[in-house]
Structure formats: structure tokens, C-alpha cells
Amino acid sequence: PHEDHGTRKALAASYVCVFAAAFEKEDNAKIYEVVGSPLVHSALMGYNGTLLAYGQTGSGKTHSMLGTPDEPGIIPRFGRELFERASVHEGARVFVSYTQLYNEGVYALLEPQSGAELKLRRSETRGVHVQGLAERRIFSAAELQQLVAKAEQHRVVAATRCVAEWCSS
């Protein structure tokens, strides 16, 4: 917003967004092939990576990320492939954190501290990071699944009015 004589006026802005892929009705295997598998390769090259699901409540984020026993999502597929391939990389170490962005707040899900909102910070050594975010070293895909299941118990879920009306009709 632009300050102009005590009133706030929105400035016109334009943004250019580039997407590597967009999905309409793909299965989790195809989504993983496009967004998850390349992230495994990057991680094994020593880069940090982030899996982020963003969208309206009820749009399928949880299904895409976690999946079901019959159709695993991105996270279980990522864990399996990462640990299969990491076993050939001597000295490979895997760390995981798990957060939720909800109502413009950032919340830790691995070690929630009574719902306390975390802060985003920027530093020269770490870049942009979440201050105080728990990070755990893991040694297997099964351990990743256990952490995710535990973290999911702390996730905030709420139906939007639109979703609530759709579900009740």
C-alpha cells in the first residue's frame, strides 16, 4: 500500500510467474514424477529442497502430499526413492522439518509449542529460514512416515464455508 495524505491506496502491480508444471487431474505417481523425483536428485547433489502444497481447503493438497495406502502421495514416494538412492552416497545425511502455513502464520508440526507462531528470518549464513523450527535427522523412509504421521496430528484443519456447504449437500 502507498501512503498518500493519510489514506491508503493500492498501487497497481504486475507479477510474472513461471510454472514448471500444472496439473488438472493427474494421479499421484505422475505428480511425483514431475515434482518429487527431481527434488531427490537435487538433494543427493547437496541442495536443500522444499515440498510445498498450497491451495484452498478441500482442493486435494493432503491427498497429493500423503496419498493413501493404495496410492501413496509425494512424501512417501520421496522418502522411498531418497533412501534407496542415498544408500549409495557415502556420508549422506537426511534432515526433515514439517511446518504448516495457516492464516498467514507459520507453525511447527514436529514439535509444536502450544500453537506458538514461528517467525520467518533472513540471515547471510542461512538465507530465509523459520526461526526455532525443529529439524530431525532421519535414517529411513519408515522413520519419515512415522514423523509425518505424528506431525499430521498437530495440523490445523478447518472447513471453509464453501467446502462445508458442499459436504453437507
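What is the volume of the second largest pocket? In this predicted model, the second largest pocket has a volume of about 900 Å³. Its lining comprises 28 residues, among which Phe23, Val35, Leu52, Ala53 and Tyr54 lie closest to the pocket centre. Two elements, α1 (28–44) and α2 (61–66), each contribute two or more residues to this lining. By residue class, the lining of the second largest pocket consists of 15 nonpolar, seven polar and six charged residues.

Helix packing was examined next. Two packed helices are described by the angle between their axes and the distance between the axes. For α1 and helix α3 (residues 74–86), the axes come within 9 Å and cross at roughly 40°. The two helices α1 and α3 are therefore oblique to each other, and their crossing is right-handed. On the α1 side, the contact involves Asn28, Ala29, Ile31, Tyr32, Val35, Gly36, Ser37, Leu39, Val40, His41, Ala43 and Leu44; on the α3 side, it involves Ile74, Arg77, Phe78, Glu81, Leu82, Arg85 and Ala86. Twelve nonpolar, four polar and three charged residues make up this contact of α1 with α3.

The crossing of α3 and α4 is right-handed. Here Ile75, Pro76, Gly79, Arg80 and Phe83 of α3 meet Ala141, Leu144, Gln145 and Val148 of α4. The residues of this contact comprise six nonpolar, two polar and one charged.

Notes. Residues numbered from 1 in each chain as written. Predicted model: local features only at pLDDT ≥ 70, side-chain atom pairs only at ≥ 80, totals over all residues. Heavy atoms only, no water. 1 Å grid on protein atoms, 1.4 Å probe; cavity = no way out; pocket = protein on both sides within 12 Å on 5 of 7 lines; lining within 4 Å. Points joined across faces, edges and corners; volume = space filled by probe spheres on them. Helix = DSSP H or I, 4+ residues; strand = E, 2+ residues; numbered from the N terminus. Nonpolar A, V, L, I, M, F, W, Y, C, P; charged D, E, K, R; others polar. Axes fitted to C-alpha atoms, helices over the stretch in contact; angles between N-to-C directions. Parallel < 35°, antiparallel > 145°, perpendicular 65-115°, else oblique. Left-handed = near helix turned anticlockwise from the far one by under 90°. Contact = heavy atoms within 4.5 Å.
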